[in-house]
Amino acid sequence: RSLQFLYLIAGHRRPPTHDRAGVPVRGRHPPADPTMSRAKRVEYLSLAGLRQDGRKPGDPRELEVELGVYREGADGSAAVTVGGTRVVAAVYGPREVEGVRNENCAITVKAQFAAFAHASGHRRSNDMKATETQQAIQNVMENAVMVHLFPSSALHFHLEVLSDDGSVIPTLINACSLALASAGVPIYDLVTACSASYLQKAHLVDVTDMEAKASGPTLDLAVMPSSGDIAMLTMDNQVEIDVLEALLAEATKGCQRIHAQLKRIAVECSTQQFKMRAREK
């Protein structure tokens, strides 16, 4: 070790692996290649073209949905689970606000990440994520809800992330759409969201946390399925235009597949609400 130290002091970039007598220096290993990132060592696709959770690159995870999880206070709520990601969205309103005169309904969003939601568990990291999430979802919901029908009113979304295994913002947007349907709030469309990433020369849809942490670019997309209008588009890296177009196309396909599930659940919810109202009359 003293020999290694002397070489370092002398300004040698790389201490020798053997001394003058040709004896290996103990405790010395060839330096790691700094360009060899964790993303390059992990195989995200098998030889059969399947991801680590068994999905094909273009397959989103199956949704598990529970409506009406907040039975007291909230006008509508939905819990959505996709793989290891689980979120809850609750809607309060629209409710008229005294002393406020606005042409449109004001939408507010409060997002919370549970301390155990992510493996890191850093409170500061969760707080930063919550702030970014609130702004993104508020912008989407302002375009989805018919806010002009409720002047001088407020509509509040309370969001909770219980488990984060990637695609949190798209999952929250889908949960908000179902919560709005559960509350019977008029909307232009059942806005649907999905993520996509480019890894190992493949376009992956509905990205997991491990896939999102790799070196590939990741895109979050929210669309109005009926019109095809984009409600949200965010990306964490600069990419060539052909890669962006391919990611956008795959994310759009993912949104279409997810929308089919959301629409079926929303129709079932509306049917149940209609039957309940008919019984009350």
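Mentor: Let's start with S152, which lies in the loop between α3 and β5. Helices here are DSSP runs of H or I with at least four residues, strands are runs of E with at least two, and the numbering goes from the N terminus. Before going on, keep in mind that this is a predicted model: local features need pLDDT of at least 70, side-chain atom pairs count only at pLDDT 80 or more, and totals for chains, interfaces and linings use all residues. Residues are numbered from 1 along each chain as its sequence is written, and side-chain values use heavy atoms, with hydrogens and water left out.

S152 has a positive phi of about 55°, and it is not a glycine. For context, most residues other than glycine have a negative phi, and most peptide bonds are trans. S152 has 13% relative accessibility, so it counts as buried (under 20% relative accessible area; over 50% is exposed, anything in between is partly exposed, with a 1.4 Å probe and protein chains only).

D206 shows a positive phi too, near 55°, and is likewise a residue other than glycine. D206 is in the loop between β7 and α5, and at 7% relative accessibility it is buried. The backbone has a cis peptide bond as well, from G93 to P94, with omega near 5°; P94 belongs to strand β3, residues 85-96.

β5 runs parallel to β4, and eight bridges join the two (strands pair if DSSP finds at least two bridges between them).

D164 makes a salt bridge with K129, the closest N and O atoms being 3.2 Å apart (a side-chain nitrogen of Lys or Arg within 4 Å of a carboxyl oxygen of Asp or Glu). This pair links distant parts of the chain: D164 is in the loop between β5 and α4, while K129 is in helix α3, 35 residues apart. D164 is buried at 12% relative accessible area, whereas K129 is partly exposed at 25%.

K129 also takes us to the largest pocket, where it is one of the residues that lie nearest the centre, along with S167, I169, A212 and D220. The term comes from a 1 Å grid over the protein atoms alone: a cavity is a set of points where a 1.4 Å probe fits but cannot get out, a pocket is an open set with protein on both sides within 12 Å along at least five of seven lines, and lining residues have an atom within 4 Å of a point. The largest pocket holds about 570 Å³ of space, a volume being the space filled by probe spheres set on the points, which are joined across faces, edges and corners. Of the 23 lining residues, α3 gives the largest share, five.

D220 leads on to β8, where it stands opposite S195. β6 and β8 are antiparallel over six bridges, and β6 (192-199) is mostly covered, with seven of its eight residues buried. β6 also runs antiparallel to β7, over four bridges, and L199 has A202 in β7 as its bridge partner. The two strands form a hairpin with two residues between them, and Q200 in the turn has a positive phi of about 50°.

D206 forms a salt bridge with R55, at 3.8 Å between the closest N and O atoms. R55 is in the loop between α2 (38-41) and β1 (63-67), so the pair ties together parts that are 151 residues apart in sequence. Both partners are buried. The whole structure has 11 salt bridges.
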